[in-house]
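Thanks for passing this one along.

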Amino acid sequence: MNKIIWSGYQWITQERWGQVHPIKPKAWYDESAIEIKYCPLLECKQLMLKTHKNPKYFKELDLEVQIGVGLISCTKKFGYGHYEIEAKLPSGPNLWPAFWTWSFNSWPPEIDIIEGYSNSNGSYFNWNIDMIKGNFWKVQTNIHLGETPGNYSIGSKNHWLGWKSPDKVFNKYSLTWTETEVSIFFNDNLVRKITDKETLNQLRGKQMNVIINNMVTSDVNEDNPPNSEFIVNYFKYTPL
């Protein structure tokens with residue numbers, strides 16, 4: 001299991017459970033799809049999470065997976081606090097970049113701070129009934145919780161993110177999680193606040209794993225996948 005140091009934390013270059021998900025077999029977590037590059041203009045080490053054609057055979061699944069994608073998973077266990085990245089989403093068709101957390105002890109719970117979805121034309125533009133509010137980019141928040149039997153989502157939502165496509169400019173995506181709230185911010189603007197006791201109780205006391213990844217959707221062309229880069233300037237965490 002390979003490890004890197006970035007933004008002052010140690011990360012592994014795959015999920016803790018492995019390199020490929022048996023029900024998402026179009027891509028695998030590929031160390032060669034990760035690059036850290038110094039940006040003199042911003043004076044920071046940028047994280048580049050890529051997608052590219054890189055077939056690999058997984059004997060245990062008897063499956064050749066065609067697309068390599070970049071993912072990092074922090075080895076530190078996080079609790080209540082403020083989580084933040086500044087990032088430019090990748091350009092290309094059928095991409096699924098994300099910044100999210102899930103429990104070290106079980107899944108769910110999961111907090112999706114941002115999930116982006118580009119369409120088959122490579123655009124994050126999304127026709128929807130909330131366009132009048134400016135919610136026309138398909139960049140979403142969500143929370144997955146446990147329930148007997150199985151799990152459920154509180155519901156994904158798109159949010160205001162300015163007039164420029166999120167793959168053309170850098171934006172800040174952040175989470176404030178305390179005993180009394182789960183609040184998500186895009187560019188320091190509060191876009192979602194959750195205070196119901198059921199959600200907070202299921203998150204209470206959890207130790208969370210932070211993940212940043214580029215990924216592809218199920219509609220991706222495996223024979224000709226996009227060569228893309230999800231560029232992240234930093235990750236910051238402040239305990240609360």
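Here are my notes, point by point.

1. Ground rules first. This is a predicted model, in which local features need pLDDT of at least 70 and side-chain atom pairs count only at pLDDT 80 or more, while totals for chains, interfaces and linings use all residues. Residues are numbered from 1 along each chain as its sequence is written, and side-chain values use heavy atoms, with hydrogens and water left out.

2. The largest pocket. Its volume is about 460 Å³. A pocket here is an open set of points on a 1 Å grid over the protein atoms alone, where a 1.4 Å probe fits, with protein on both sides within 12 Å along at least five of seven lines; lining residues have an atom within 4 Å of a point. The points are joined across faces, edges and corners, and the volume is the space filled by probe spheres set on them. There are 21 lining residues, and E15, K24, W96, W100 and E110 are the closest to the centre. The elements that give two or more residues to this lining are β9 (98–103), β10 (110–116) and β11 (139–146). Strands are DSSP runs of E with at least two residues, numbered from the N terminus.

3. The lining of the largest pocket divides into 10 nonpolar, 6 polar and 5 charged residues. In this scheme Ala, Val, Leu, Ile, Met, Phe, Trp, Tyr, Cys and Pro count as nonpolar, Asp, Glu, Lys and Arg as charged, and the others, Gly among them, as polar.

4. Salt bridges. How many salt bridges does a search of the whole structure find? The search gives 6, where a salt bridge is a side-chain nitrogen of Lys or Arg within 4 Å of a carboxyl oxygen of Asp or Glu. One of them pairs K26 with E222, with 3.9 Å between the closest N and O atoms. This pair links distant parts of the chain, 196 residues apart: K26 sits in the loop between β2 (9–12) and β3 (27–29), and E222 in the loop between β17 (208–213) and β18 (228–239). K26 is partly exposed at 25% relative accessible area, and E222 is partly exposed at 27%. The classes are buried under 20% relative accessible area, exposed over 50%, and partly exposed in between (1.4 Å probe, protein chains only).

5. K50 and E229 form a salt bridge with an N to O distance of 3.8 Å. E229 is partly exposed, with 33% relative accessibility. D167 and K168 also form a salt bridge, the closest N and O atoms being 3.8 Å apart. D167 is buried at 7% relative accessible area, whereas K168 is exposed at 58%. Salt bridges with shared partners also join E35, K37, K50 and E229 into one network.

6. Backbone points to check. The W107 to P108 peptide bond is cis, with omega near -10°, and the bond joining P108 and P109 is also cis, with omega about 15°. P108 lies in the loop between β9 and β10, and P109 is in the loop between β9 and β10 as well. S7 is not a glycine, yet its phi is positive at about 55°; S7 is in the loop between β1 (3–6) and β2. D188, also not a glycine, has a positive phi of about 70° and lies in the loop between β15 (182–186) and β16 (189–194). S7 is partly exposed at 29% relative accessibility, and D188 is partly exposed at 49%.

7. A buried serine. S228 is in strand β18 and is buried, with 4% relative accessible area. Its side chain makes polar contacts with the side chains of T51 at 2.7 Å and N214 at 3.0 Å. A polar contact is a pair of N or O atoms within 3.5 Å, one able to donate a hydrogen and the other to accept it; residues adjacent in sequence count only if both atoms are side-chain atoms.

Methods:
Helix = DSSP H or I, 4+ residues; strand = E, 2+ residues; numbered from the N terminus.
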